[in-house]
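This text walks through a protein model, one region at a time. Please keep the sequence and the 3D view at hand while reading.

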Amino acid sequence: MKLKIVSIIVVLTTLLAACGGPSTSAPVASGLPVDAAAIAKDRGLTPDDVAAALKTYMPSGKTDPYIMFASGGQSGQVLVIAMPSMRILKVIGVFTPEPWQGYGFGGSGNKVLEGGKVNGKEVLWGDTHHPNLSETKGDYDGEFLFINDKANARVAVIDLRDFSTKQIIKNPNAINDHGGAFVTPNTEYVIEGPQYAAPIGWEYAPLDQYKEKYRGLITFWKFDRLKGRIDPDQSFQIELPPYWQDLCDAGKGPSDGWFFCNSFNTELATGGIELGNPPFEAGTTKNDTDYLHIFNWKKAEEIFKAGKGKKINGMAVIDLETAIKENILYFAPEPKSPHGSDVTPGGEFIVVGGKLDPHVTIYSFEKIQAAIKAGNLNKDAYGVPVIPLDKVMEAQVELGLGPLHTVFDDKGYAYTSLFLDSAVARWSLGGPYEKKHPEPGWKLVQKLPVQYNIGHITAAEGDTASPDGQFVVALNKWSIDRFANVGPLLPQNFQLVDINNTGDKMKVLYDMPIGMAEPHYAQIIKADKLKPFEVYPKVGWDAEKMAVDPNAVTDPKLAGVKRDGKNVTVNMVVVRSHFTPERVEVQKGDHVVWRLTSIEQQRDATHGFALSGYNINLSIEPGKTEVIEFDANQAGTFTYYCTEFCSALHLEMIGYFLVKP
Ligand code: CUK
Ligand code: CUA
């Protein structure tokens with residue numbers, strides 16, 4: 001052991017010399033290895049620990065090569081994490097108001113959150129599952145991020161120029177979702193797959209009419225890249241049998257134009273344990289197989305554009321009968337209690353995990369096409385053609401207990417999360433991937449224990465046509481004994497795994513507690529693909545519209561309070577370390593429009609704006625304009641002040657808001 005530590009220290013010394021550090025004869029270098037050895041010994045670090053530390057430590061001022069966008073789970077937010085140092089850079093407010101960004105406390109974020117109303121009612125949280133980056137030709141392009149809210153069937157659009165949420169859209173016909181927000185290879189569509197069946201539009205129907213009235217419903221949201229918005233008028237839905245469609249992935253390369261979702265509950269179980277029925281967990285797992293859903297979305301788009309969708313609640317819906325008649329939808333059996341549907345980087349195969357099957361099943365897109373062409377297919381209870389499994393299966397690989405999700409690297413390996421085994425399985429892909437690695441064909445290579453109960457797994461650039469390798473991250477549901485006890489609600493555990501070595505050499509490098517919710521999925525992009533603003537490009541920038549606000553006042557001399565009857569307009573200029581004006585006086589009952597513009601152009605010179613008593617709180621980054629609008633219905637003496645410590649005289653950056661009775 002001691003020998004190994006010494007050899008790592010030799011490596012460290014060599015590294016230092018190679019990095020242009022002090023030469024070995026310098027006093028610092030000759031002292032440093034001894035110190036490092038002493039530190040390692042003192043802290044009880046093994047050589048593996050030291051190696052892991054060397055691989056993840058990021059010196060101050062250096063930035064990481066990868067950025068991970070992780071779902072914020074029930075927090076309704078998105079976490080931005082630098083990798084491999086696993087430092088949180090930002091929490092983006094999405095479905096939930098976020099005070100630091102002033103998101104949802106009077107400013108433009110309120111307009112975004114309003115888009116997420118359900119039947120006119122504000123829902124100010126979300127259960128976020130799958131963040132997906134926008135793609136161009138099957139590669140992340142670093143422009144946009146999409147994420148779904150499982151609890152309320154909503155999808156959000158985040159603009160990566162300023163890392164803020166621009167749109168939340170409510171699905172008018174579904175009340176929950178799951179298989180979203182997955183994109184097609186050129187982000188033509190953001191797909192929101194369903195989960196628990198309900199009548200379309202979620203109106204009441206008794207459960208004994210489940211078979212007739214309940215339905216699945218997949219949504220193809222058209223994304224307008226120029227506007228940076230989903231366009232509901234160009235979007236459509238496809239009616240599905242009331243199986244519980246689950247995870248989805250878009251085809252690419254040869255399978256571009258197609259889309260694949262796993263499902264469960266083809267048993268049509270409706271629960272009712274209290275009535276003596278089998279509980280859902282038994283009822284939905286009776287069958288040995290469920291159905292992989294195979295969609296021809298390009299064909300569906302044609303049918304929608306030909307006007308063959310029926311408008312339901314303002315949304316075009318292609319009914320099941322039309323979907324079958326127009327050859328849009330096919331099924332293939334998938335064993336057993338499937339979860340996850342992941343397309344290989346080249347688009348040749350679809351990998352499906354079975355929660356209660358030790359195998360992953362690999363489907364060949366070529367074989368699917370051949371079987372469709374050959375025709376003569378049996379139908380399911382709803383008339384959907386079913387392709388027999390033996391006609392489309394390329395391989396099955398036995399990995400262990402509870403295979404869920406699969407991601408890929410650049411060396412022809414796949415990585416599958418094994419929930420019940422608490423392990424990451426590395427396995428080799430066959431077919432065209434065989435020449436990339438030394439293993440013959442479809443074969444389990446290594447199982448790496450993780451702590452504990454891994455759900456999703458994510459890989460660097462892992463959902464693209466050209467994954468990077470380097471790292472995967474295990475998104476573990478339980479952390480049990482990994483961290484100090486913080487009470488009965490424990491953090492989740494993201495474990496960074498080094499996959500840089502071929503063969504059986506995967507290693508856990510780092511444990512990152514996530515103490516705010518249960519993230520499901522995450523995507524990892526090369527940091528240099530992101531090109532965010534340093535400051536807003538022009539003073540007076542409206543971050544919601546991503547354009548200059550024509551009414552923004554940028555000259556302090558023109559700032560002030562204007563009155564027109566009961567309407568008061570406040571034009572405020574914000575710069576270190578004062579607001580202009582510093583006194584705003586109105587009458588009780590006045591309607592106030594308050595426009596604040598930061599004329600700062602210095603990076604990081606952010607101001608905040610808190611108006612006590614009125615629940616108003618903004619973040620005003622350099623160049624940004626925010627507009628708040630409210631009725632001054634509370635008389636009294638209020639203060640507004642800057643909430644960001646922006647300068648030595650930050651505490652003096654205040655003003656009085658007087659509301660005369
Ligand atoms: S699901 Cu959570 S572990 Cu929503 Cu993608 Cu599989
Ligand atoms: Cu501006 Cu503190």
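Strands here are DSSP runs of E with at least two residues, helices are runs of H or I with at least four, and both are numbered from the N terminus. The model is predicted, so local features need pLDDT of at least 70 and side-chain atom pairs count only at pLDDT 80 or more, while totals for chains, interfaces and linings use all residues. Residues are numbered from 1 along each chain as its sequence is written, chains are lettered from A and ligands numbered from 1 in the order in which they are written, and side-chain values use heavy atoms, with hydrogens and water left out.

Two strands are said to pair if DSSP finds at least two bridges between them. Strands of a sheet pair through backbone hydrogen bonds, either parallel or antiparallel. Strand β25 (residues 413-418) also pairs with β26 in the antiparallel sense, over six bridges, and T416 has A425 of β26 as its bridge partner. A hairpin is formed by β25 and β26 with four residues between them, and S422 in the turn has a positive phi of about 50°.

How many of the residues of β26 are buried? Six of the six residues in this strand (423-428) are buried, where buried means under 20% relative accessible area, exposed means over 50%, and partly exposed lies in between (1.4 Å probe, protein chains only). A423, A425 and W427 point one way from β26, while V424, R426 and S428 point the other way.

Another sheet is open and has six strands in the order β8-β9-β10-β11-β16-β15, with mixed pairing. Its edges are β8 (182-183) and β15 (310-312); each has a single partner strand, so one side of each is left without a neighbour in the sheet. Three bridges link β15 to the antiparallel strand β16 (residues 315-318), and I312 is placed opposite M315 in β16.

Salt bridges come next. Side chains of opposite charge can pair when their charged atoms come close. The rule used here asks for a side-chain nitrogen of Lys or Arg within 4 Å of a carboxyl oxygen of Asp or Glu, and by it the count comes to 32 salt bridges. K310 and D319 meet in one of them, at 2.3 Å from N to O. D319 is buried, because its relative accessible area is 15%.

D549 forms a salt bridge with R595, their closest N and O atoms being 3.6 Å apart. This pair links distant parts of the chain: D549 is in the loop between β34 (547-548) and β35 (560-564), R595 is in strand β39, and they are 46 residues apart. D549 counts as buried at 10% relative accessible area, and R595 is buried at 12%. The side chains of K660 and E585 meet at 4.0 Å, N to O. K660 lies in strand β44 (residues 654-660) and E585 in strand β38 (residues 583-587), so the pair ties together parts that are 75 residues apart in sequence. K660 is partly exposed at 43%, and E585 is partly exposed at 42%. K111, R229 and E544 are linked in a network of salt bridges.

Some loops have backbone features to look at. In the loop between β2 (77-83) and β3 (87-93) sits P84, joined to M83 by a cis peptide bond with omega of about 10°. M86 lies in that loop between β2 and β3 as well; although not a glycine, M86 has a positive phi of about 60°. Is M86 buried or exposed? With 4% relative accessibility, M86 counts as buried. D604, in the loop between β39 (591-598) and β40 (607-611), has a positive phi near 75°, and D604 is exposed at 71% relative accessible area.
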